[in-house]
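Here is a friendly walk through one structure, with the charged pairs, strands and loops taken in turn. Have the model open beside you as you read.

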Amino acid sequence: IMRYNYQRQLINANSVAYSKPLDRVFVSSYQFGVFVFKDNKFEKSYNCANSPLEPHYLITDPSQYLDNVRVDGLQVDAQGNLWVFNVATNNPIKILRSNGTWTTRAYPTLSNATYLSRPCFTKSNLKMLILNQKNLFVFDDKNTESVGDDETRSFSDFRDQDAKKIGISEFHCMVEDTEGNVWVGTNKGP
């Protein structure tokens with residue numbers, strides 16, 4: 001019997017989220033999926049064998065699937081659902097609902113994205129992601145299961161108050177302030 005060694009796999013940990021309804025801490029890994037902790041103890045992991053998480057799209061050898069489940073970020077929404085950003089897959093957005101069931105959201109723009117992280121979920125229900133460090137992907141899921149009514153937009157550059165192109169080549173992070181403004185960290189500053 002092989003003993004599960006989650007400590008070795010946490011070397012690639014890149015994001016942490018807490019879901020109050022699930023009373024769990026989740027840690028994502030850029031190689032091994034998502035790890036779940038309760039009361040400071042490892043409980044289980046999610047990967048392509050026990051959830052909708054998928055291996056990297058270039059991996060064709062099934063024996064390598066479990067070591068190539070790339071999760072680039074986590075975020076908990078206002079309802080306590082855990083959003084998992086499973087990059088380099090056809091459908092990188094997976095959601096672990098607060099009732100314990102999984103669902104997937106499919107947006108063709110995000111298919112096979114190799115970098116999809118630093119999520120920012122706003123008070124007005126906009127969900128913003130950095131896509132391959134070169135774009136911001138913004139969507140409003142309207143709190144429905146269907147993606148058919150979602151509104152999406154992708155931004156690769158911005159203009160200042162004088163309509164002058166800023167010339168951003170990299171997006172790094174985002175945060176919403178107390179007044180509802182979203183600040184975006186870029187190679188040109190905020």
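Lysine 38 forms a salt bridge with aspartate 23, and their closest N and O atoms are 2.7 Å apart. The term stands for a side-chain nitrogen of Lys or Arg within 4 Å of a carboxyl oxygen of Asp or Glu. Lysine 38 belongs to strand 3 (residues 33-38), while aspartate 23 sits in the loop between strand 1 (13-19) and strand 2 (24-29), so the pair ties together parts that are 15 residues apart in sequence. Strands here are DSSP runs (E, at least two residues), numbered from the N terminus.

Both partners are partly exposed: lysine 38 has a relative accessibility of 26%, and aspartate 23 has 33%. Buried means under 20% relative accessible area, exposed means over 50%, and partly exposed is in between, with a 1.4 Å probe and protein chains only.

A word on the basis of all this: the model is predicted, local features need pLDDT of at least 70, side-chain atom pairs count only at pLDDT 80 or more, and totals for chains, interfaces and linings use all residues. Residues are numbered from 1 along each chain as its sequence is written, and side-chain values use heavy atoms, with hydrogens and water left out.

## Further salt bridges

How many salt bridges does a search of the whole structure find? The search finds eight. One of them joins lysine 94 to glutamate 54, with the closest N and O atoms 2.9 Å apart. Lysine 94 lies in strand 7 (residues 93-96) and glutamate 54 in the loop between strand 4 (41-46) and strand 5 (71-76), so this pair ties together parts that are 40 residues apart in sequence. Lysine 94 is buried at 1% relative accessibility, whereas glutamate 54 is partly exposed at 22%.

Another salt bridge is formed by arginine 105 and aspartate 150, whose closest N and O atoms are 2.7 Å apart. This pair links distant parts of the chain, 45 residues apart: arginine 105 is in strand 8 (residues 102-105), and aspartate 150 is in the loop between strand 11 (135-140) and strand 12 (151-155). Arginine 105 counts as buried, with 1% relative accessibility, and aspartate 150 counts as buried too, with 13%.

## An open sheet and a hairpin

Four strands make up an open sheet in the order 9-10-11-12, with antiparallel pairing. Its edge strands are strand 9 (116-121) and strand 12, each of which pairs on one side only. On average, neighbouring strands of this sheet are turned by 20 degrees against each other, direction ignored. For such angles, axes are lines fitted to C-alpha atoms, for helices over the stretch in contact, and angles run from 0 to 180 degrees between N-to-C directions.

Strand 9 pairs with strand 10 (residues 126-131) in the antiparallel sense over four bridges; strands count as paired if DSSP finds at least two bridges between them. Across this pairing, serine 117 stands opposite isoleucine 130 in strand 10.

Elsewhere, strand 13 (residues 171-176) and strand 14 (residues 182-186) run antiparallel and are joined by five bridges. Valine 175 stands opposite tryptophan 183 in strand 14. The two strands form a hairpin with five residues between them, and glycine 180 in the turn has a positive phi of about 90 degrees.

Asparagine 86 is placed in strand 6 (residues 82-86) and is buried at 0% relative accessibility. Leaving aside neighbours within four places in sequence, its contacts (heavy atoms within 4.5 Å) include Glu54 and Lys94, the two partners of a salt bridge described above.

Asparagine 81 is found in the loop between strand 5 and strand 6, where its relative accessibility of 6% counts as buried. A polar atom of its side chain lies 2.8 Å from the backbone nitrogen of serine 98. Beyond neighbours within four places in sequence, asparagine 81 is in contact with residues including Gln75, Ile95 and Ser98.

## Positive phi in two loops

Most residues other than glycine have a negative phi. Glutamine 133 has a positive value, near 60 degrees; this residue is in the loop between strand 10 and strand 11 and is partly exposed, at 28% relative accessible area. Asparagine 143 also has a positive phi, near 55 degrees, and lies in the loop between strand 11 and strand 12.

How values were computed. Polar contact = N/O pair within 3.5 Å; in protein donor to acceptor, adjacent residues only side chain to side chain.
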